[in-house]
Amino acid sequence: MRAIGADGRYQTIRQLDLSALSGNHAGMGDESAEVRDVLAFLQSTEPFASLDDDHRRVAAKGIEVAYFRRGTVITEAGDANDWLSLIRSGAVELMLGGTQLSARLGERDCFGYPSLIRRGPAQNTATAIEDCLLYRLPGETFHVLRDRCAGFRKFFDIDESARLRRAVARMEGDGPVAGDESGLAIYATIGSFLPGRAVVSGDPALSVGEAAALMAREDVSTLPLCEDGHLLGIVTDKDLRRRVLAVQLDLATPVRAIMTPDPVTIGLQDSAMAALLEMTRRHIHHLPVIDASGALVAVISASDVLGQLGAHSLRIPAEIGRSASAQELATATARLPDAVSALVSAGVDASHVTHYASAIGGAAHCRLLELAQAELGPPPVPFALVCFGSLARYEQGLGSDQDNGFVLGDGYDEGLHNSYFAALAKRLSDGLAAVGYAYCKGDIMATNPDCRHDLAGWQSRFGHWIATPDPQAVLDSAIFFDMRPLAGEEVLVKRLREGVFAQARDNRIFLSFMARAAASTAVPLGFFRNFLLHHDADEGDVLDLKRQAIAPIVDIARCHALARGISATGTLERLDAAAAEGSLHPEAARDLAAGFEFLCDVRFRHQAGQRARGEPISNLLPPRELSRFDREHLRDAFRLIRTQLDKLRSDFAGGLT
Amino acid sequence: MAALWFGDPRRKFARAFAKAAAQAPAGPLADFYAAGMPTLDAAVGDAELACIDLETDGLTPRRDAILEAGIVPLAQGRLQAGQARRIRFRPAQALSSASVAIHGITDDAAARALNADEALAQLLPLLARRVLVAHFAQIEAEFLDRACRRVFGGPFVAPFVCTMQLQQRWFGGKPGEIVRLGALRVRYGLPHYAAHDGVSDALACGELLLAQIAHKSGREPTLAEMLRR
């Protein structure tokens, strides 16, 4: 019997018949035997672990074992490769084209599949950097398993962006914490948990007195006013206090005169999360619910939504609004990490969580400013509180520091008014530090006189960065280009923004500096055991998730936004708009968005873990704390980011030195 | 050359092989010899070998029985783990409780096994024309020889490479000292495998051989230079 040589092996595979392979076809007592230890290794190593038993046997049947001494070349770039290699023990280094480090692999890692999938020569030289025992699967078997098993095929996808998108879909699909049903509650539509009570509404022609009587009788604090079933406006207890009692308004006045016209509404099909975000962002506690035809169907309260979510830690926004001191406010914001943990473990995707955390951050700024103004008196001239960076982008995580400034309005006189705004800034900044938003290390705070300017002052500051860019100034000023008004005269910030973006858009040299500054980030290659692997073969022991992975995507989106005058501030919105404008390839935009969501999710899960262990919250991640799933997809994200940074540099800085 | 010292092992082996072939009665053993002698001039990377491990009821070939043979082919320097075979022998008497504990082969499992003649008829073709690799190969050589004499009335002559002996010859150690397979594998950083399973042990032994060859300095030895002495 000569069935053991190479030809015999291929024949076996061509004839693949699962029942014959898995059964005992050699007669009683004589078993073609999978080696128990080989099978056990496959059972505990993805993607073989996820194969069904029969197909895992097919894999085991094909396996050959080879040994390579440290320093030996296993495959040379450019050579044919017939194997999927699975490292059983030892370590392997892959060099693209034989010269450029592309990965270091350890036990349970696979290599060789890209050339099998392309049916072309190996692109990497694979060298044993430790004595290696490899389990090798012949290309034929690899292709059989790929054809038959979707999970196996997906695992070995050579399109890393497709893998990333699937990872994001998977996280959104089941959420990181299996079996936590509250994950569903977040996405439940408003329609699915409407309060049972009938909606109480009034006619706008009612007098103020009649409307108040109706609200008292029905025991509601919010009265929607409708004409022909369509919502015209809304009146609340607060309106009755402020606009009627306080000014001793005639009770016969039509209620229409004191209502808030065209109030914010939420649709029946919107999610509980969307309602919560809307309330958080606008500091309101009730939302009228309308159906697809625009007819009013209910009013939901924050309590309705929070009851549905079952997470009382989410009541923070209401508490911030009620806080009478920085101290009280600190009690409320201190629960932000728990609330974020609850949302993360409920499977809320990271972009919603950053939105929520940013809304809380914004609310804290606003409340502290109100408290400061209550102490110092009203501002002598109009002004706006502007925030920069992640808060402006609605991308705040935990442990963020403060980045803010004042845009001072018409009539500002340095000599007359500076002391008021300096005092206001001091109270705001100290308050923020007290409630958990650390002082900005770069001194981007309204306490810095250079962050308190009138429109012209700000414009000249930005103008300087744009007109005479230098690499360090570009790095330092990047976050100023993400700005959003938090309180005061929003139009001041809007005008500043428009002016700055118009100026930046036309300045190719400035854009090239921005692109090169972004591209200078050292994005890691991947991981090797418990180390982070860099291009220069250095092994670091900690990943700075924000600086080394999230920030470069933010930078890419910002460059495109500046180049095309895109008004969106959020990274995902900017990527979307850049694709729509034709500035960024739609596929690149989609890939970067998936990478961004994945990275933010990893960050929140990591921070939730730090919180649970009582450690300080940071963006620093030791690789040993990463699951295999996260490591592999982080590696994909790194590669994607590196590719897109190169593209950014050649698009914006090509030809310029 | 070491070969001069001990006499050319190829010629010595060829004489023994021819003599045994001439004596073998028609049947599986005669077929084994008729397949021919394995090449001994080649290096492991250019030859076909079979790694073999026997699980036995004791260590005395005269008295104890083979319970199981595990075989893993080694061709062109690669262990064909997927082609591994296990052959169970049915023992003549009930098993000793000590060997049940060691091998995990119960009377029930043994009852599903083959009688020695059938088992050898399955086993010998897997070994034909191949150099055999075993750890402490003396056991495998003696048990197979004893079994063939008992069943076919003729000796079993095959070229063996013993990984335990190679270790001592190439890397030093006390001659004749018994070093367990698992202990040697640890020295080479090879993974832990469950011991006392014929197929796992055969693979484990084959991996050790590849590691030993990779770590040996100088040119790659031929099979003749590696044979058990």
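Let's start with the nonpolar cores. In this predicted model, the largest one holds 222 residues. Which residues have the most contacts inside it? They are A:Met514, B:Cys51, B:Val133 and B:Leu203. As a rule, nonpolar side chains in soluble globular proteins tend to be buried together.

Take A:Met514. Leave aside its neighbours within four places in sequence, and A:Met514 is in contact with A:Val474, A:Ala478, A:Cys559 and A:Leu562. Another core lies apart from the largest one.

Now chain A overall. Chain A has 657 residues, and 47% of them count as buried. On secondary structure, chain A has 27 helices and 24 strands. Next, its contacts. Take those in chain A with a separation of 6 or more: 72% of them come from residues 24 or more positions apart.

On to confidence. For the complex, the predictor gives an ipTM of 0.85 and a pTM of 0.68. Chain B averages a pLDDT of 86, and 88% of its residues score at least 70.

Where in chain B is the mean pLDDT of an element lowest, and where highest? Lowest is helix α1 of chain B, residues 2-6, at 46. Highest is strand β5 of chain B, residues 131-134, at 96. Over residues 1-5 of chain B, the pLDDT is below 50. Beyond near neighbours in sequence, that stretch has four contacts in the model. A caution here: where pLDDT is low, the predicted coordinates should not be read in detail.

Note on methods. Residues numbered from 1 in each chain as written. Chains lettered and ligands numbered in written order. Predicted model: local features only at pLDDT ≥ 70, side-chain atom pairs only at ≥ 80, totals over all residues. pLDDT = per-residue confidence, 0-100. Helix = DSSP H or I, 4+ residues; strand = E, 2+ residues; numbered from the N terminus. Contact = placed C-beta atoms within 7 Å. Core = buried A, V, L, I, M, F, W, Y, C linked by C-beta atoms within 7 Å. Buried ≥ 20, exposed ≤ 12 C-beta atoms within 10 Å, placed from the backbone.
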